[in-house]
Amino acid sequence: MKYRENSARRKDDNTVKSVIKGTGYILVHTPDMVLHNGTTQTTERIVNPDGEYLKELPKHIRTYEEALSYWPNQVYIGNKTPQELAAVEQPWYDKTCDMNDRFGRFGQIMPQEEFILLMQACDVFELIYLDKDFVAAHKGELAANPLIDETIMARINEGVDKAEVERLVKEEHSEGLYNKGVLVGAVNRAHDIDTNLSAHVMLENIVSKASSVLSLLAAVHNAGIAKSEVEYVVDCCEEACGDMNQRGGGNFAKAAAEIAGLTGATGSDCRGFCAGPSHAIVEAAALVAAGAYKTVVVTAGGCTAKLGMNGKDHVKKGMPILEDCLGGFAVVITQNDGVNPEINLDILGRHTVGTGSAPQAVISSLVTDPLDRAGLKVTDVDKFSPEMQNPDITKPAGAGDVPLANYKMIAALSVKRGDIQRADMMKFIAEHGMTGWAPTQGHIPSGVPCLGFVRDNMLKGNIHRVMVIGKGSLFLGRMTNLFDGVSFMVEANDGKKEEAGVSEDAVKSLIAKAMKDFANTLLAQEEKK
Amino acid sequence: MDLENQKRVKEFAEKYGPENVVVLLGASEGEASGLAAETVTNGDPTYAGPLTGVQLGLKVYHVCEPEIKKEFDPEVYDKNVGMMEMVLDVDDISNEMKPIRDQYCKF
């Protein structure tokens, strides 16, 4: 694989680069939230409460141990690689992975009990009331979590009587928190009238916040930086927080940074549906490259609404519920250190207002146009990382293999352009693609799950160039029918650290040397005469 | 087929007359295409939407099917569908669509 020299494609060699210093990838196994908070299930309870699906569903819920032994989950947290997963015959849900550690290279798979306590730690408005027996039984488990320190544990209170929890759910419109089928807590509404502060919304938002906190802690730990070094956090999940007067006011980023102990950071939220993470990483890289901030972390928590989204198809086909985990991720981006992989802001793809919605136009704008602008061929990119949804989840639901569909489109466009031969399409896909592994948590699988592996492989010198592609379905918000997406390139570091510019001393010494050489030349000419 | 689209198809059929409506699909594979085709001809087979038990019998095609492809300006078709034609399993889709049309189309 030919690797282009930096100078051949950089517009401006003095640009400060940004690098990926570390990543965090977490899952939270939340089986009870599937039933109580996943919208497929909550909708079914309204339109068809006595139907077969809701009766069958509880029999298809996996245990924590089963979730740990599930191949794609072990890949997500970095204990197995996408290449190892590709060698396992599909489907994967009926196989036991030979690795089932809850802790992985990039993060962990947290059990529901610990997460409910973490949610309470993230609640700073006294909205969450937990059964004190539940707290007593599981507090030690959260305290033992290597990422959770005393400042977080100090936010957990002792809890209340079970009867009070039951009363809140029955009489105060509170959302129940359940564990193994038992009511263990309540999330209160934050306002008596404002629907934007309903118990339902508060639960969803606190879940997003708590899983983002865990992701931040994992990434900062993995990056080997002090918490105080983080200057800015960008949240890119798909939730909104606010009240009736500012419904999406936001700042999940600052809220999570507070709990994670990032005392030197402020932040803001970046929204773009599933393309959010890619937009956020470009933003973070640009902030660092411009010198605005030295260390920026992009983060996103998970989504209860999407739990069990394809449950009906899974149950119908006798499968377990595979969408039983929340997903979260975080990426630490810092100034070029001459070592870590760089985010090359000269090679960016954008789906613009004028691009149009034809698949060909979309893939051109995101993949081939930025490559053309950089003078690169499709085959110059080692790996492409588009939507990396786990096919175990999507195939039985009639949505096909999403990463494969993306790779087929990239390959097909390459054939149309003459970059590859039609006969080599499948070979191209095998060499430049990856098997999907990420949970269907919206923004979570979109492009970014690969960054931990990309960093590892670039540091080892195995690969040099990876294109990350994020795509978003904006029509869901009913504001525009336009599609959206951005792409960015991650490249192995060329080892050169930026100089701020040539120093004044260096200039003086260069001039002195030039004058000395000139004087010597004059002398030599004099002597010749 | 999602509930919103079922509602729209039903409204168009009522407004313009079912004999004047052709449904054109762009689904990514056979099973999804077949489900949508059945929904606008013989009624929603999942009994979830407004077309449950409603047999519109509409003409329905997938945009990759040869009968429809020949209706397009070849350049326009190539620009908009050409790439996806290489990606989709067109035979699989045709094999799903044709029997449904043969069985349930009224026009």
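## Cis peptide bond at A:Pro91

In this predicted model, A:Pro91 is placed in the loop of chain A that runs between α7 (82-86) and β2 (109-110). The peptide bond joining A:Gln90 to A:Pro91 is cis, with omega about 0°. Most peptide bonds are trans, and most residues other than glycine have a negative phi.

## Residues with positive phi

A:Asn251 has a positive phi of about 70° and belongs to the loop between β6 (232-235) and α13 of chain A. With 16 other C-beta atoms within 10 Å, A:Asn251 is partly exposed.

A:Phe273 likewise is not a glycine and has a positive phi, of about 50°.

## Packing of α12(A) and α13(A)

Two packed helices are described by the angle between their axes and the distance between the axes. Helix α12 (residues 199-223) and helix α13 (residues 252-260), both of chain A, pack at an angle of about 60°, and their axes are 9 Å apart. Because of that angle, α12(A) is oblique to α13(A). The crossing of the two helices, α12(A) and α13(A), is right-handed.

From α12(A), the residues A:Ser208, A:Lys209, A:Ser212, A:Val213, A:Leu216 and A:Leu217 take part in the contact; they meet A:Phe252, A:Ala255, A:Ala256, A:Ala257, A:Ile259 and A:Ala260 of α13(A). By class, the residues of this contact divide into 9 nonpolar, 2 polar and 1 charged.

## Nonpolar cores

The largest nonpolar core has 167 residues, of which A:Leu216, A:Val297 and A:Val331 touch the most other members. Helix α12(A) supplies the largest share of this core, 15 residues. Leaving aside residues up to four places away in sequence, A:Val331 touches A:Ile20, A:Thr23, A:Ala219, A:Ile281, A:Val297, A:Val298 and A:Leu451. Another core, of 10 residues, lies apart from the largest one and includes A:Met33, A:Leu57, A:Leu322 and A:Ile393.

## Contact between chains A and B

Between the chains, 11 residues of chain B are in contact with 13 residues of chain A. On the side of chain B that touches chain A, α2 (30-41), α4 (74-80) and α5 (82-87) of chain B each supply at least two residues. The largest share of that side, 5 residues, comes from α5(B). The residues on this side of chain B comprise 5 nonpolar, 3 polar and 3 charged.

Definitions and conventions:
Residues numbered from 1 in each chain as written. Chains lettered and ligands numbered in written order. Predicted model: local features only at pLDDT ≥ 70, side-chain atom pairs only at ≥ 80, totals over all residues. Contact = placed C-beta atoms within 7 Å. Helix = DSSP H or I, 4+ residues; strand = E, 2+ residues; numbered from the N terminus. Nonpolar A, V, L, I, M, F, W, Y, C, P; charged D, E, K, R; others polar. Axes fitted to C-alpha atoms, helices over the stretch in contact; angles between N-to-C directions. Parallel < 35°, antiparallel > 145°, perpendicular 65-115°, else oblique. Left-handed = near helix turned anticlockwise from the far one by under 90°. Core = buried A, V, L, I, M, F, W, Y, C linked by C-beta atoms within 7 Å. Buried ≥ 20, exposed ≤ 12 C-beta atoms within 10 Å, placed from the backbone.
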